[in-house]
Amino acid sequence: MSAVSSRLPVFPWDKLEPYKRTALAHPDGIVDLSVGTPVDPVPALIQKALVAAADSPGYPTVWGTKGLRDALTGWCERRLGAVGMAHENVLPVVGSKELVAWLPTQLGLGPGDQVAHPRLAYPTYEVGARLCGAEPVVYDDPTTDLDPAAVKLLWLNSPSNPTGRVLGKDELTRIVAWAREHGVLVLSDECYLELGWEADPVSVLHPDVCGGSYEGLVAVHSLSKRSNLAGYRAAFVAGDAAVLGELLRIRKHGGMMTAAPVQAATVAALGDDAHVLEQRERYAARRTALRTALEAHGFRIEHSEASLYLWATRDEPCWETVAYLAEKGVLVAPGDFYGEAGDRFVRVAFTATDERVRAAVERLR
């Protein structure tokens with residue numbers, strides 16, 4: 001086994017393959033609710049912008065065009081309530097997962113450093129720590145559970161993947177104050193921020209949370225979910241200019257450039273709210289249908305006030321639930337993919353077509 005393989009966990013989705021084969025054998029086909037990948041069309045105005053920029057023979061810049069940086073700062077001010085955003089406060093990245101996985105390495109973390117993430121969390125937080133030799137640690141409340149002398153990077157995730165839990169403004173403010181007191185860098189994964197259902201998610205860059213200063217704070221945002229751009233790898237970070245300036249220098253050396261047509265598409269996507277509202281309506285209808293069917297079938301839904309998932313349980317080991325639903329041709333993600341605390345839950349994505357969601361509802365009746 002290679003040195004890299006030995007320090008990384010098993011890729012979790014490989015363990016789901018036998019259950020996927022079971023679901024595929026259903027006479028009416030599989031309903032795949034396991035992965036939160038968009039299935040709806042890329043909005044026409046974004047496709048048009050991409051095509052118009054297709055003749056881009058030169059290298060793009062890591063920092064992006066002035067038009068892209070204007071779009072990023074303008075969106076942060078308009079949508080997040082951020083104030084006084086300058087170009088130095090934003091940086092495009094090649095998809096948010098790439099950023100999450102390689103950020104600890106790019107910040108120079110290593111053995112002896114701790115990277116903290118929620119007890120139930122997106123697995124790539126842990127992977128990012130392990131790639132650079134740092135120690136991943138989990139928390140329920142970072143202000144009481146962590147040693148601030150050891151923690152160099154604190155991941156927040158609101159709305160949460162997988163639970164859909166939203167951190168309120170007061171809780172975010174308290175955590176930010178604690179992190180600043182102890183010199184801990186806060187990375188806030190806010191990729192589902194525009195998908196609040198029973199709560200209104202707030203960014204750490206909102207002045208009520210950060211006090212109008214971005215010191216020690218970086219927010220991560222993605223266009224994958226809001227604009228169906230998972231295939232474009234369009235994402236960005238915003239916040240502390242000193243941190244982003246260092247990342248910009250490192251990423252220049254590494255050639256981590258967002259493709260020029262994708263930069264143009266991002267400008268178009270962030271400049272239009274209509275397609276976001278339209279996609280929200282699709283997801284809201286699918287969410288209601290699946291939640292109603294699951295609850296009528298005996299499931300209990302916890303949190304799930306935002307994001308693209310329902311955090312569901314039948315009060316049994318998660319793999320029993322996965323197997324049970326696979327026999328009905330419905331594939332879901334076991335909760336222990338996201339930490340041991342999820343071992344009696346499954347994550348149910350509502351990123352499936354209307355027709356496939358209707359099929360799942362029928363099978364749960």
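Which residues does Ala 71 touch, not counting residues up to four places away in sequence? Ala 71 touches Val 267 and Leu 270, where contact means heavy atoms within 4.5 Å.

The structure is a predicted model, in which local features need pLDDT of at least 70 and side-chain atom pairs count only at pLDDT 80 or more, while totals for chains, interfaces and linings use all residues. Residues are numbered from 1 along each chain as its sequence is written, and side-chain values use heavy atoms, with hydrogens and water left out.

Ala 71 is found in helix H4; helices (H or I, at least four residues) and strands (E, at least two) are DSSP runs, numbered from the N terminus. Ala 71 is buried, with a relative accessible area of 14%; buried means under 20%, exposed over 50%, and partly exposed in between, with a 1.4 Å probe and protein chains only. The axes of H4 (residues 66-80) and H11 (residues 260-270) come within 9 Å and cross at roughly 30 degrees. Axes are lines fitted to C-alpha atoms, for helices over the stretch in contact, and angles run from 0 to 180 degrees between N-to-C directions. H4 and H11 are therefore roughly parallel to each other, a term for angles under 35 degrees, with over 145 counting as roughly antiparallel, 65 to 115 as roughly perpendicular and the rest as oblique. On the H4 side, the residues that meet H11 include Leu 68, Ala 71 and Trp 75.

**The two sheets**

Two strands pair if DSSP finds at least two bridges between them. Another open sheet has four strands in the order S9-S10-S13-S12, with antiparallel pairing. Its edge strands are S9 and S12.

| Strand pair | Sense | Bridges |
|---|---|---|
| S3 (residues 114-118) and S4 | parallel | five |
| S9 and S10 (residues 309-313) | antiparallel | three |

In S4, the bridge partner of His 117 is Val 138; in S10, the partner of Ile 301 is Ala 312. Ala 71 and Ile 301 are 230 residues apart in sequence and 37 Å apart in space, C-alpha to C-alpha.

**Helices across the sheets**

Helix H12 (residues 274-296) lies across S9, S10 and S13, at about 5 degrees to S10.
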